[in-house]
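Have the sequence and the 3D view ready as you go.

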Amino acid sequence: MVRVILPFHLRNLARVGRELTLDVKGPVTQRSILDALEAQYPMLRGTIRDHVTQRRRPFLRFFACEEDLSHESPDAPVPESVAAGSEPFVVLGAIAGGSGFGPPDGGSIARITRF
Amino acid sequence: MSKVRVLVGTRKGAFILESDGKRRQWEISGPHFAGWEIYHLKGSAADTNRLYASQSSGWFGQQIQRSNDGGKTWEPVGNKFAYDGVPGTHQWYDGTPHPWEFKRVWHLEPSLTDPDMVYAGVEDAAIFSTTDGGRNWHELAGLRGHGTGPHWQPGAGGLCLHTIILDPSHPQRMWIAISAAGAFRTDDGGKTWKPINRGLHSLHIPNPTAEIGHCVHHIAMHKSRPGVLFMQKHWDVMRSDDGGEQWREVSGNLPTDFGFVIDVHAHEPETIYVVPIKSDSEHYVHEGKLRVFRSRTGGDQWQPLTQGLPQSHCYVNVLRDAMAVDSLDRCGVYFGTTGGQVYASADAGDTWTPIARDFPAVLSIEVQTLFVSG
């Protein structure tokens, strides 16, 4: 089972707690994690990935094991500890942003601490 | 027994205020969807318990929420707004081609007869509809595809379709307005559209009387006079008596004719309301005074309404969807400000009372008049 941590507003939208677990079939990648997440919580479709392009929304980042995975291929395997469920896959909302702001340049999130 | 339900969309959530017909004591619920921008909420005329809300954020995109119990509980429905076919480009601020990109839903207009049917005006400007209560949305592609779409340019707030008016006498007819493309009309349920901007004069565009390119801020219509339209433009208050074929200016003696909101008295089709804003560079009320202006002659002659509204050191704005009326006798008028106040008048604007003072910036106001037994 894969552990996922969502940002505050998406937890509220999906009516889940701080951390949830997903049964991800096949290779565990960003794409397969998000596919499983959206299958279980359809209201999250379009909130993390654009509906049409399936690209990560600009003000969200993916982290695991204190590393920024946001620019990895969505089909690359995630770290083994994430696939094994010992570390969570973190979807993190940028501190910057909001209405009236354009997409950030890379590296706008300076530091991630362990949850 | 009558009740009034005021639906308030703000930058940080939605609020619902309810009162009886006296409109003195208000129960407030919210914030619903706390922390999200609620660009618009509106109830269905066909089922007053059916409400729809546009919930969006720069981080997480668009949600549509639906309530079947008058706003007590909500469920997310469909949020996929995909442009029909290859979207193409419109003009960017600098005149270069810019791809059409969905950003948010600005306005939801439920059908007058079917609680599961809703139209959505979106940014980048397009119109979508649902026939299954919001689960699935489809573009009415004839609007962007009628020919002028590639030449539309955004206003400062984006290229947004913010006004949708349904003709109660002609189910296939509707009017829409886009900042900053202008007003358009369909007579065949959205298959084909035509610009209806003749008579508009906009100094900020190269050809002030062009077919498109006018920054229309809002349009209002009384249901008993379909086709008599009142428009607040980026400068000028306008009127059309022929469904938008021709417009004439009715700004008259307004202290400034820049503004966003315009609305019509529920029982007097020639009584209209605006809130003058100082200028396009200064988006706050004129002279530090929050004044609603009322015309009982369909424009030209305007009277300031100030009792109960701050008349000094007030620098709020009132955004385009942030005014509405109820249909009680006497007509109630409501508006919300960017300072977070919601003002109500139970006497058609003669006197005003704040029914909320400290909300987040108000983006939209809608009102439902409910008649309940007991």
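**Exercise 1.** Find what share of the contacts in chain B with a separation of 6 or more joins residues 24 or more positions apart.

*Solution.* Start with the term: two residues are in contact if their C-beta atoms, placed from the backbone, lie within 7 Å. Among contacts in chain B with a separation of 6 or more, 50% link residues 24 or more positions apart.

A note on the source: this is a predicted model, where local features need pLDDT of at least 70 and side-chain atom pairs pLDDT 80 or more, while totals for chains, interfaces and linings use all residues. Residues are numbered from 1 along each chain as its sequence is written, and chains are lettered from A in the order in which they are written.

**Exercise 2.** Work out how much of chain B is buried.

*Solution.* A residue is buried if 20 or more other C-beta atoms, placed from the backbone, lie within 10 Å of its own. Of the 374 residues in chain B, 54% are buried.

**Exercise 3.** Explore the largest nonpolar core.

*Solution.* First, such a core is a set of buried Ala, Val, Leu, Ile, Met, Phe, Trp, Tyr and Cys residues joined through C-beta atoms within 7 Å. The largest one has 107 residues, and Met231(B) and Ile219(B) are among those with the most contacts inside it. Next, look at Met231(B): its partners beyond four places in sequence include Ile219(B), Trp247(B) and Ile262(B). Finally, a second, separate core has 25 residues, including Leu22(A) and Phe89(A).

**Exercise 4.** Count the residues on each side where the chains touch.

*Solution.* Chain B gives 14 residues and chain A gives 17 residues.

Terms used: Buried ≥ 20, exposed ≤ 12 C-beta atoms within 10 Å, placed from the backbone.
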